[in-house]
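Here is a short briefing on one protein model and its ligand. Look at the structure first, then read the points by topic.

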Amino acid sequence: MKILSNVPLKDKTTFKCGGTAKWYAEPADFLEFATLLKLHKGKLFVLGAGSKTICIDKGFDGLVISTQNLSKICFDGDLVVCDAGVKFENLQGFCIKNALSGLEWSAGIPASVGGASVMNAGAFGHDFAESVEKVEIFENGKTSILAKKDISFSYRNSSLKNKVVFRVWLRLKKSSSQEVEEEFLKFAEQKQKNQPVCMGSAGSIFKRQENVIPAKIIDKLGLKGAKIGGAEVSTHHSGFIVNTGSATANDVLSLVELIRQTVHQKTGVVLENELIVLE
Ligand SMILES: Cc1cc2nc3c(=O)[nH]c(=O)nc-3n(C[C@H](O)[C@H](O)[C@H](O)COP(=O)(O)OP(=O)(O)OC[C@H]3O[C@@H](n4cnc5c(N)ncnc54)[C@H](O)[C@@H]3O)c2cc1C
């Protein structure tokens, strides 16, 4: 397995900006992944599809391990088992082919299965936790399997944070391929209508809280379209910051800070970041 140096993470994240990883590897299988995890003693970051992550412009002075080659999906009895690097797009194709319902809400989310379980990705009132049955993790030099009851999932968060996810077992319902495909298309259309899906971003920047919908507050305070350098509060969806083409990570993070300070000063609400900053 090659370990590369000074790899630009703008090519590996959906924000399309930011610095480099000092060391970078894409293990081909779990043996290589586990070997790296056992041998590496310094700073470490496991990268899925990079759709919630931004790396500061100065770069990350450690090892980034990408799960992108860990991409197998198969059946284990009546459960579906996915390697951590399986992209949602491919999982959706698998669901349509095998007439499996339960993940239609996830259409258009550019996640990996590992990232989605750690972040408990969700939309339209559903989340990934609904379908998760068990998770294989790597911790203290060995793998173990956590049953759903041993994992705490909450809004865009889980107790899997700071663990390494290898594989995830999902329980989905038998349906018809046509129905599943139609539902995926319906949700994908809604996403396209309401979100800037064609621009560099990391989805919603701030978490929803009880009685707090960040996009609504940002809109109300006139911050829609606010810009710092190449980063802009999306004119399509105020909960997103988009890269207009030339954004640096510093532009994005300065805009995040500007929004947080303005919202706090004018409403007293402290917005909580959903974006993962690699530094
Ligand atoms: C256009 C767009 C739309 C989006 N819409 C939504 C939406 O509707 N709902 C939603 O919830 N999110 C949405 N997102 C955000 C994003 O897709 C999710 O947060 C997703 O769960 C992140 O998965 P990832 O694999 O890209 O994670 P990454 O960005 O790669 O990583 C995120 C975190 O997970 C950790 N991680 C990743 N893989 C592993 C692993 N195998 N083991 C341990 N830790 C791991 C990373 O270390 C990091 O802390 C959107 C993003 C974009 C760009």
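Domain bounds here come from an automatic or database domain assignment. The model is predicted: local features need pLDDT of at least 70, side-chain atom pairs count only at pLDDT 80 or more, and totals for chains, interfaces and linings use all residues. Residues are numbered from 1 along each chain as its sequence is written, and side-chain values use heavy atoms, with hydrogens and water left out.

**Domains**
- The assignment gives domain 1 (3-66), domain 2 (73-194) and domain 3 (214-278).
- The centres of domain 2 and domain 3, taken over C-alpha atoms, are 28 Å apart.
- Six residues from domain 2 and four residues from domain 3 form their contact (heavy atoms within 4.5 Å).

**The shell around the ligand**
- Around the ligand are 34 residues (each has a heavy atom within 4 Å of it).
- Val46, Ser51, Thr53, Ser112 and Gly122 come nearest.
- Domain 1 (3-66) and domain 2 (73-194) each supply at least three residues to the shell.
- Helix 3 gives the most, with five residues (helices are DSSP runs of H or I, at least four residues, and strands are runs of E, at least two, numbered from the N terminus).
- The shell has 17 nonpolar, 13 polar and four charged residues (Ala, Val, Leu, Ile, Met, Phe, Trp, Tyr, Cys and Pro count as nonpolar, Asp, Glu, Lys and Arg as charged, and the others, Gly among them, as polar).

**Atoms close to the ligand's N and O**
- A ligand oxygen atom is 2.9 Å from a polar backbone atom of Gly50.
- A ligand nitrogen atom is 3.4 Å from a polar backbone atom of Gly115.
- A ligand nitrogen atom is 2.8 Å from an N or O atom in the side chain of Lys191.

**Helix 2 and helix 4**
- The axes of helix 2 (residues 88-97) and helix 4 (residues 177-194) come within 7 Å and cross at roughly 145° (axes are lines fitted to C-alpha atoms over the stretch in contact, and angles run from 0 to 180 degrees between N-to-C directions).
- Helix 2 makes the contact with Gln92, Cys95, Ile96 and Lys97.
- Helix 4 brings Ser177, Val180, Glu181 and Phe184.

Technical notes: Polar contact = N/O pair within 3.5 Å; in protein donor to acceptor, adjacent residues only side chain to side chain.
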